[in-house]
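Please keep the sequence and the three-dimensional view open while following the text.

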Amino acid sequence: QSQSRIPLGNTNDELAHLSTVFNDMLDKMQLYIEQQKQFVEDVSHELRTPVAVMEGHLKLLNRWGKEDPEILDESLSASLQEVERMKTLVQEMLDLSRAEQVEIHYKNEKTPIKQVVHQNYNNFKMLYPNFVFNLDDDLNEEIYVSIYRHHLEQILIILLDNAVKYSTDRNEVHISIASDDKFVHVAIQDFGEGMTPEDADKIFNRFYRVDKARSRHKGGNGLGLSIAKELLLGYKGNISVDSVLNHGSIFRITLPIYKETDSEL
Ligand code: ADP
């Protein structure tokens, strides 16, 4: 691999400079290729489990299911569940790949953040009546952020879904929204299982789950947070987490406030 690099001369001339630039490019491409390879490996790995589970159930059906209605029922519904999981996985991979192109396609979007946060807050209250949702809104008036509305909704849904999914006995979710002169800050807090600092460093990585079996049981593929992060970075925003194991987590997102000049970029 090092042989394919352009050798650096001793001179300090333009050629030497160019060689450095080319070598940097080679390194970046190498890294990109490695990442893509890793991604394909991860995807194959993720698809193997649902396929194996379905294969098991189909074999069972083939052998006993024709006479035994109980096996028939159970194996059919288990197989359907795996099909659902694969559908979600494919959709999430598409979302992830599109999120990488946000900068190119969604430069001039402008979305009323107050309205979208309130709307999602109301939706979740309706969806989960056994949960208490609080909304602490510090914004006096509507503020527009530079993001495509659907993407903002997608990020909020990922975080609110997780807050519900990883709550334990205290079914409470706090949402807050505030701003400074450049950014809007939204925080989503739960009082659920939380995580260690080591896990907190990794949960934005693709396919990373703190507890694979448990997350899988809850229908998770470990892609939600990486989609959210990829989207936010694409819009020059960010996401972070503060979490304490067995006490809960706060996810914070920031998004740049829309400026009229943005549309001229
Ligand atoms: P998943 O589909 O598994 O939920 P995510 O990418 O959304 O995938 O999250 C990755 C992992 O981060 C989860 O599997 C879970 O272990 C952890 N996690 C995410 N949100 C929370 C939360 N609110 N509380 C505790 N753990 C969380």
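Helices (H or I, at least four residues) and strands (E, at least two) are DSSP runs, numbered from the N terminus. In these terms, histidine 118 is found in helix H4. The model is a predicted one, in which local features need pLDDT of at least 70, side-chain atom pairs count only at pLDDT 80 or more, and totals for chains, interfaces and linings use all residues. Residues are numbered from 1 along each chain as its sequence is written, and side-chain values use heavy atoms, with hydrogens and water left out.

Helix H4 comprises residues 113–127. Histidine 118 counts as partly exposed because its relative accessibility is 28%; a residue is buried under 20% relative accessible area, exposed over 50%, and partly exposed in between (1.4 Å probe, protein chains only). Between histidine 118 and aspartate 73, which are 45 residues apart along the chain, the C-alpha separation is 42 Å. Helix H4 also contains asparagine 122, a partly exposed residue with a relative accessible area of 41%. Asparagine 122 and phenylalanine 133 are eleven residues apart in sequence, and their C-alpha atoms are 8.8 Å apart in space.

Together with Glu67, Asp68, Glu70 and Glu74, Asp73 forms a negative surface patch. Patches are made of residues with over 30% relative accessible area and no salt bridge, where like charges are joined within 9 Å and nonpolar side chains (Val, Leu, Ile, Met, Phe, Trp, Tyr) within 5 Å. For charge, Lys and Arg count as positive and Asp and Glu as negative, while His and the chain ends are not counted. The place of a charge is taken as NZ of Lys, CZ of Arg, CG of Asp or CD of Glu. Aspartate 68 lies in the loop between helix H1 (14–65) and helix H2 (69–99). Accessible areas come from the Shrake-Rupley method with a 1.4 Å probe, and for residues only the protein chains shown count as cover. Isoleucine 6 is found in the segment before H1 and is partly exposed, with a relative accessible area of 33%.

Salt bridges come next. Side chains of opposite charge can pair when their charged atoms come close. The structure holds eleven salt bridges, each being a side-chain nitrogen of Lys or Arg within 4 Å of a carboxyl oxygen of Asp or Glu. In one of them, glutamate 100 is joined to arginine 206, with the closest N and O atoms 2.6 Å apart. This pair links distant parts of the chain, 106 residues apart: glutamate 100 is in the loop between H2 and helix H3 (102–105), and arginine 206 is in the loop between helix H6 (197–202) and helix H7 (212–217). Glutamate 100 is partly exposed at 40% relative accessibility, and arginine 206 is partly exposed at 27%.

Lysine 236 forms another salt bridge, with glutamate 103, the closest N and O atoms being 3.5 Å apart. Because lysine 236 lies in the loop between helix H8 (224–234) and strand E6 (238–244) and glutamate 103 in helix H3, the pair ties together parts that are 133 residues apart in sequence. Lysine 236 counts as exposed at 58% relative accessibility, whereas glutamate 103 is partly exposed at 43%.

Which residues are linked with Glu100 in a network of salt bridges? The network links Glu100, Arg206 and Glu230. Glutamate 230 contributes a salt bridge to arginine 206, with the closest N and O atoms 3.5 Å apart. Glutamate 230 is in helix H8 and arginine 206 in the loop between H6 and H7, so this bridge ties together parts that are 24 residues apart in sequence.

The account ends with the strands. Strand E7 (residues 248–256) is largely enclosed by the rest of the structure because eight of its nine residues are buried. Strand E5 (residues 183–190) pairs with E7 in the antiparallel sense over eight bridges; two strands pair if DSSP finds at least two bridges between them. E6 and E7 also pair in the antiparallel sense, over seven bridges. Serine 249 of E7 is the bridge partner of aspartate 190 and stands opposite serine 243. E6 and E7 form a hairpin with three residues between them, and asparagine 246 in the turn has a positive phi of about 65°.
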